Amino acid sequence: MGVDAMDWVFRKSPYCGELMLIQLAISDGVHEPYNNCFPVNEEVVEKLAAKAHCSIAAVRSAIMQMTEDGLLEIVRDQKVAEGEVMYRFLMPELVEGQPIHQKRRLQ
């Protein structure tokens, strides 16, 4: 369980609503000994959707949004199974009162 990552989401996430729930579900599965990396494939997306009580499309959209916002990064130097992408969960220090952007929801 990614206790540090989950704590970061509760304290500093720039998101709200469904997007924050998906971020929280992702953070629950990352591990510091693995540099907060986690593989994403269809099975993982389905599990995240079930955990966050949302659609698979919402999870895919959230992963893309978090990557664009710099809160997830694709790890290209790690071997993964076919059909998987390795991501790293990032926890940047956000300056109080200056979030990445206004609190965001999925569109």
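The buried residues of helix α2 are Leu19, Met20, Ile22, Gln23, Leu24, Ala25, Ile26 and Ser27, where buried denotes a relative accessible area under 20%, exposed over 50% and partly exposed the range in between, computed with a 1.4 Å probe on protein chains only. Among the elements that cover these residues are α1 (3-12), β1 (37-40), α3, α4 (56-68), β2 (72-74) and β3 (85-89). Contact here means heavy atoms within 4.5 Å. Helices (DSSP runs of H or I, at least four residues) and strands (DSSP runs of E, at least two) are numbered from the N terminus.

The model is predicted, with local features requiring pLDDT of at least 70 and side-chain atom pairs counted only at pLDDT 80 or more, while totals for chains, interfaces and linings use all residues. Residues are numbered from 1 along each chain as its sequence is written, and side-chain values use heavy atoms, with hydrogens and water left out.

**Overall composition**

The chain contains four helices and three strands, arranged along the sequence in the pattern α-α-β-α-α-β-β. Of the 107 residues in the chain, 40% are buried. Among contacts with a separation of 6 or more, 64% are between residues 24 or more positions apart.

**Helix packing**

Helix α2 has 12 residues and reaches 17 Å from its first C-alpha to its last. That span is close to the 16 Å expected at 1.5 Å a residue, the expectation being 1.5 Å times one less than the number of residues.

Two packed helices are described by the angle between their axes and the distance between the axes. Axes are lines fitted to C-alpha atoms, for helices over the stretch in contact, and angles run from 0 to 180 degrees between N-to-C directions. The axes of α2 (residues 17-28) and α3 (residues 42-52) come within 9 Å and cross at roughly 120 degrees. The pair α2 and α3 is therefore oblique; angles under 35 degrees count as roughly parallel, over 145 as roughly antiparallel, 65 to 115 as roughly perpendicular and the rest as oblique.

From α2, the residues Leu21, Ile22, Ala25, Ile26 and Asp28 meet Leu48, Lys51 and Ala52 of α3. By class, this contact of α2 with α3 comprises six nonpolar, no polar and two charged residues. Ala, Val, Leu, Ile, Met, Phe, Trp, Tyr, Cys and Pro count as nonpolar, Asp, Glu, Lys and Arg as charged, and the others, Gly among them, as polar.

Helices α3 and α4 pack at an angle of about 105 degrees, with their axes 8 Å apart. The two helices α3 and α4 are therefore roughly perpendicular to each other. Glu42, Val45, Glu46, Leu48 and Ala49 of α3 form the contact with Ile56, Val59 and Arg60 of α4. The residues of the contact of α3 with α4 divide into five nonpolar, no polar and three charged.

**Individual residues**

The table lists C-alpha separations for selected pairs.

| Residue pair | Separation along the chain | C-alpha distance |
|---|---|---|
| Aspartate 7 and leucine 24 | 17 residues | 9.0 Å |
| Methionine 91 and valine 9 | 82 residues | 8.3 Å |
| Glutamine 78 and cysteine 37 | 41 residues | 9.7 Å |

Aspartate 7 is found in helix α1 and is partly exposed, with a relative accessible area of 37%. Methionine 91 lies in the segment after β3 and counts as partly exposed at 28% relative accessibility. Leaving aside neighbours within four places in sequence, methionine 91 is in contact with Asp4, Ala5, Trp8 and Asn36.

Asparagine 36 is situated in the loop between α2 and β1 and is buried, with a relative accessible area of 12%. Beyond its neighbours within four places in sequence, asparagine 36 is in contact with Val30, His31, Tyr87, Arg88, Phe89 and Met91. The phi of asparagine 36 is near 55 degrees, a positive value in a residue other than glycine.

Histidine 53 likewise has a positive phi, of about 55 degrees, although it is not a glycine. Histidine 53 belongs to the loop between α3 and α4 and is exposed, with a relative accessible area of 73%.

Glutamine 78, in the loop between β2 and β3, is partly exposed, with a relative accessible area of 38%. With neighbours within four places in sequence set aside, glutamine 78 is in contact with Cys37 and Met86.
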